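Trainee: I would like to learn how to read a model like this one carefully. Could you take me through it feature by feature?

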Amino acid sequence: MSSDRTRSAILAAAERLYADRGFGDVTLRDIVAEANVNLAAVNYHFGSKDELIAELFVTRSLATNRERLNELKAAEEQGGGRAPIDAILHALVGPTLRGCLGPDREGSTAARFMIRASIESVPPIRRIKNREVDHLRKFIAAMRRAMPGRDDADLYWGLHFALAMSHHTIREKERLTKLSEGQCDLNDVQAIIDRVVSVSVMALTGGETPAKKMPVRPAVPHGRLTRQDL
């Protein structure tokens with residue numbers, strides 16, 4: 001087997017096993033047996049189990065991020081350089097939800113691997129998520145153009161909440177189906193995207209929450225306490 005074919009066989013075998021069994025239960029020996037290669041080949045191409053997981057996650061994430069940015073670019077071009085906030089958020093959450101949900105995707109190895117990556121917090125994936133944020137900054141810049149004058153912190157929170165709703169829906173879809181007794185249709189992916197975007201837009205445009213005012217307590221003369229002070 002050529003070097004490239006060996007590498008591809010290892011990646012394919014690892015993705016299948018991780019998708020089926022999770023990251024903690026799969027060993028490198030399981031992967032080499034599935035790929036029909038020797039352990040030295042894994043060490044040569046990837047160096048460690050963590051590096052192998054990272055390679056798989058980066059490969060899938062790059063495809064998702066590329067789709068996100070293409071949709072964002074199209075929305076901004078259609079809007080003459082400034083896309084509406086709902087179109088920006090559709091571009092942000094749509095590719096992730098479409099990639100993992102729906103009867104035509106959930107059975108695929110790639111989707112099941114990314115669902116595992118969303119459910120199981122393993123160090124190599126956490127490090128990549130924390131490091132690879134440049135594409136998200138492009139969404140923040142688009143949100144600034146869509147909502148000029150809005151406080152940056154509000155935009156960051158809005159983006160964070162939209163992503164959080166997407167990932168939580170992916171992780172907990174079975175619980176939501178059971179809780180709603182089937183009333184929440186997890187097969188209607190476009191409707192899910194629309195709901196996530198709608199709630200996110202509402203959070204960003206629904207007005208400021210009035211600050212809670214602390215009750216003003218009357219000044220107490222030095223050395224004197226009243227019943228209300230106790």
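This is a predicted model: local features need pLDDT of at least 70, side-chain atom pairs count only at pLDDT 80 or more; totals for chains, interfaces and linings use all residues.

Trainee: How should I read the packing of two helices, and at what angle do α8 and α9 pack?

Mentor: One reads the angle and the axis distance, then the handedness, and then the residues that make the contact. Helix α8, residues 134-146, and helix α9, residues 152-171, pack at an angle of about 125 degrees, and their axes lie 10 Å apart. The two helices are therefore oblique to each other, since an angle counts as roughly antiparallel when it is over 145 degrees and as roughly perpendicular from 65 to 115. The crossing in which α8 passes α9 is right-handed.

Trainee: Which residues of α8 and α9 make the contact?

Mentor: From α8 come Leu-136, Phe-139, Ile-140, Met-143 and Arg-144, and from α9 come Asp-152, Leu-155, Tyr-156, Leu-159 and Leu-163. Sorted by class, this contact of α8 with α9 has 8 nonpolar residues, no polar ones and 2 charged ones.

Trainee: And how do α9 and α11 cross?

Mentor: The axes of α9 and helix α11, residues 189-205, come within 10 Å and cross at roughly 155 degrees, which makes α9 roughly antiparallel to α11. Here too the handedness can be stated, for α9 passes α11 in a right-handed crossing. The contact is made by Asp-154, Leu-155, Gly-158, Ala-162, Met-165, Ser-166 and Thr-169 of α9, together with Ile-192, Val-196, Val-199, Ser-200 and Leu-204 of α11. By class, the contact of α9 with α11 has 7 nonpolar, 4 polar and 1 charged residues. Leu-155 is named in the contact of α9 with α8, and Leu-155 is also named in the contact of α9 with α11.

Trainee: What does Thr-64 contact, beyond its neighbours within four places in sequence?

Mentor: Thr-64 lies in helix α4 and is buried, with a relative accessible area of 19%. Leaving those neighbours aside, Thr-64 is in contact with Pro-95 and Thr-96.

Trainee: Where does His-45 lie, and which residues does His-45 touch?

Mentor: His-45 lies in helix α3, residues 39-45, and counts as buried at 19% relative accessibility. Not counting residues up to four places away in sequence, His-45 touches Ser-3, Thr-6, Arg-7 and Ile-10.

Trainee: How many aromatic pairs does the structure hold?

Mentor: The structure holds 3 aromatic pairs. One of them is formed by Tyr-18 and Phe-23, a tilted pair with 5.1 Å centre to centre and 40 degrees between the planes. Both Tyr-18 and Phe-23 are buried, and together with Phe-113 they form one aromatic cluster.

Trainee: Finally, what should I look for in the backbone of the loops?

Mentor: One thing to look for is a positive phi in a residue other than glycine. Asn-36 is such a case, with phi near 60 degrees, and is found in the loop between α2 and α3. At 66% relative accessibility, Asn-36 counts as exposed. Glu-181 also has a positive phi, near 55 degrees, and is found in the loop between α10 and α11. Glu-181 is exposed, with a relative accessible area of 70%.

Technical notes: Residues are numbered from 1 along each chain as its sequence is written. Side-chain values use heavy atoms; hydrogens and water are left out. Axes are lines fitted to C-alpha atoms, for helices over the stretch in contact, and angles run from 0 to 180 degrees between N-to-C directions. Helices (H or I, at least four residues) and strands (E, at least two) are DSSP runs, numbered from the N terminus. Angles under 35 degrees count as roughly parallel, over 145 as roughly antiparallel, 65 to 115 as roughly perpendicular and the rest as oblique. A crossing is left-handed if the near helix is turned anticlockwise from the far one by less than a right angle, and right-handed if clockwise. Contact means heavy atoms within 4.5 Å. Ala, Val, Leu, Ile, Met, Phe, Trp, Tyr, Cys and Pro count as nonpolar, Asp, Glu, Lys and Arg as charged, and the others, Gly among them, as polar. Buried means under 20% relative accessible area, exposed over 50%, partly exposed in between (1.4 Å probe, protein chains only). Rings of Phe, Tyr and Trp (its six-membered ring) pair if their centres lie within 6.5 Å; planes under 30 degrees apart count as stacked, over 60 as edge-to-face and the rest as tilted.
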